[in-house]
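Hi everyone, thanks for coming. Please take a moment to open the structure on your screen, and then I'll walk you through two spots in it.

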Amino acid sequence: MQGSKRDTEIKPYRRRRLKRKIAVSYFYLPFAGWSPRRIPLSSRDSLKSARQPRRCPIAMGRIHVLSEHVANKIAAGEVVERPASVVKELIENSLDAGASRIRVDVEAGGRKLILVTDNGCGMVRDDAMLAFERHATSKLKNDDDLLSISTLGFRGEALPSIASVSRVRLETRDAAEPAGTVIEIAGGRILTVEEAGLPAGTSVAIRDLFFNTPARRKFMKAESTELSHIASLVTHYALAHPEMHWELHSATNAVLVAPPVASHSERIYQVFGKETLDELIPLAAQVPLARLGLPEPPPWRREPDYEPPTPGELRLHGFVSKPEVQKLNRSSVFIFVNGRLIRDRVVMHGILEGYRNIIPPTVYPVVLLFLELPCAEVDVNVHPSKTEVRFRQQSVVHDFVRDSIRSTLMAARPAPAFASEIHGAPSARMALTPPLPGSAEEAFAALAGSAAPPSDLNLTGQSVPPRNAALPFAGSFHVEGNAAVGAAPVAPQTFGAMELAPQDAVPETATGCVPPLDGIDDVMDLTQLATLKPLGQIRDSFILAINPQGLWIIDQHAGHERVLFEKILEERSRQKIESQRLLMPIIVELKPAQQAIFAEIAGELRRNGFEAEPFGVRTVAIQSAPAGVDAAEVARLLQELLEQFEREEQALNLEKIRTRIAASIACHAAIKVNMPLDQAKMEWLLGELAKTRCPMSCPHGRPVVLRYSVKDIQKAFKRI
Ligand code: ADP
Ligand code: MG
């Protein structure tokens, strides 16, 4: 059997120069139509989905120089901007070569040395020399191939570009060849080509980057900055390929060592730890493309044996963060399209739409998404650094991403843990960035050769500061926007002050006075809202409730807002909005800019129960308002809405107008804070909240429910 024969060839991975040995056993997994590849046996399932569209069995090793005609069709531009862009190109080459292990070594943030070693297919001597020619590639032949690129590289420009600005040493051996080849190049000139005994695979060492271009050398940032970009990049490729072994070393420091694991969640756990994994919800969705139509040549250009293309499907898998995880910028959103780390406005917009009315519009979630679609559906030949793509059916991709995220969040209905909120910074520990400073955003900017990101893009995956600003609720006193945050200084410090060393903690069985609390399932979702028994209110603003899963605190205003928001949207779709006639018309004055906005949203306002007529210059008279909104609030509601739309930079669409109006009405009609509620009212509110589709956040994205789980309680009492 081929697999077992090849098994015997597998030796512990060894770099002679580095004298390191890491032994890992692999098995060959023969895929239909694939050349046998080294893959850990345990990753079969995740591989099927993660790998399918790319890294087809290209005849690696048959490099040729592209014709001028084809070369001219390739997005032109420089790719070697900084050390991280070199690492990216080399890693992509190793992935295309089918490697199952990639090790990156850098010195001085990559300025002194970048060494990428793989166990991929390697190159024969002639190819190794040809690889440094401009437009020499084994991944593309003619311009038709450009329409369905399944490899990460295709431009044939990376190695020559890198070689022209550094000193390169390439060591490579095709597994079928008895000996390998060593090539040394400086500033683009080949110095030596030698035969040598080498392990199968390739290693490319880049020394003294930009040694011959002092102007560019000056533009390199501090070593730590460059290293953080490299770390960010390697980490994200490691996340995309859990079935592979990844290592990143900076001089003697191991920055990342990630042996193969069976799934993406295991890789997240391996790289970021349990806390990060706990804050993410797995997502998987797919939709056939059959109904959408595929590009086909016109009938008169079809060969007699022409077969229509198989439509394939759109697949999405990955992780989205729970609503309580909120970031100041998009640096924790990672999008892979067919295994390629990209930034894309369409997918980004789809993600944010998925979170609309679940998190505040000014914050970002943590997202790791892998989108897989047929190669012909996505054009990767858009930008020289290959970090941008163009989808053939942009709106299909956008809506698919949005709907998949939304339904995942709705299905999970995650309840934020009280313990994490009480620390005041809901996601301070949480960042899908390596432990070093730096972010994909900045790395992207660097790789794409664009300017540094704007300064408001925080680069360390920082979290949102505690929302303790007083909210302008009607009432005699002001309540903090997130009361749990207000309590922050007290709770953790109280626990901290007790600081029992683990061995001092009294085991619960030893106390004998309380039976151990076992058999408690630590379910974290909000379907249990219906089972809650309200105990009372804290400051007439927060409902305290219990069930066997723990202690719950419900923000009565935010909860009622969510109930009303969904009710209004539902009634609006059935055109059944209730309206109330005001005793006296309310006159609202509009600024000139607001007049245009008012005209744009007037129709939707009417359909939501407002009746407003122009009343003199720049004023409107409101005769009716949606039921439930106090007359005293009507003018403020309208002003707030107009201000919100005024601040909006993107074009308004009906959906946006509709949800904004519904959110505003809900906010003004909802039970206020500082309002006593009797038992029946509290029960009613929890019951209604349980019926909503998204009970975890109010329409503005603030949390509605916090849960202090039995586990947390036990932990705090040192019972576990
Ligand atoms: P591209 O990746 O766009 O084809 P490159 O300049 O990056 O262009 O590489 C040129 C060629 O060298 C590749 O097409 C590939 O055949 C070969 N090559 C580069 N790196 C490796 C590697 N690590 N293993 C095997 N072959 C490689
Ligand atoms: Mg390449």
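Let's begin at the ligand. A polar atom in the side chain of asparagine 93 sits 2.8 Å from an oxygen atom of ligand 1. Keep in mind that this is a predicted model, so please read each distance as a computed value.

For alanine 158, look at the backbone instead, where an N or O atom lies 3.3 Å from an oxygen atom of ligand 1.

How much of ligand 1 does the protein cover? On its own, ligand 1 has 530 Å² of accessible area, and the protein covers 98% of that.

Now let's look at the whole shell. Ligand 1 is surrounded by 21 residues, and the closest are Asn93, Thr137, Ser138, Lys139 and Gly156.

Which elements supply at least two residues each? They are β8, residues 136-137, and α6, residues 158-164. Helix α6 gives the largest share, with three residues.

Helix α20 covers residues 631-647, and helix α21 covers residues 654-669. Their axes come within 10 Å and cross at roughly 145 degrees. Is that crossing left-handed or right-handed? The crossing of α20 and α21 is right-handed.

If you'd like to click on the contact, α20 contributes residues including Leu637, Leu641 and Phe645, while those from α21 include Ile657, Ile661 and Ile665. Charged residues take part as well, among them Glu633 and Arg636 of α20 and Arg660 of α21. Overall, the contact between α20 and α21 has six nonpolar, three polar and four charged residues.

Terms used
Residues are numbered from 1 along each chain as its sequence is written. Chains are lettered from A and ligands numbered from 1 in the order in which they are written. This is a predicted model: local features need pLDDT of at least 70, side-chain atom pairs count only at pLDDT 80 or more; totals for chains, interfaces and linings use all residues. Side-chain values use heavy atoms; hydrogens and water are left out. A residue is near a molecule or strand if one of its heavy atoms lies within 4 Å of it. A polar contact is a pair of N or O atoms within 3.5 Å; within protein, one must be able to donate a hydrogen and the other to accept it, and residues adjacent in sequence count only if both atoms are side-chain atoms. Accessible areas come from the Shrake-Rupley method with a 1.4 Å probe; for residues, only the protein chains shown count as cover. Helices (H or I, at least four residues) and strands (E, at least two) are DSSP runs, numbered from the N terminus. Axes are lines fitted to C-alpha atoms, for helices over the stretch in contact, and angles run from 0 to 180 degrees between N-to-C directions. A crossing is left-handed if the near helix is turned anticlockwise from the far one by less than a right angle, and right-handed if clockwise. Contact means heavy atoms within 4.5 Å.
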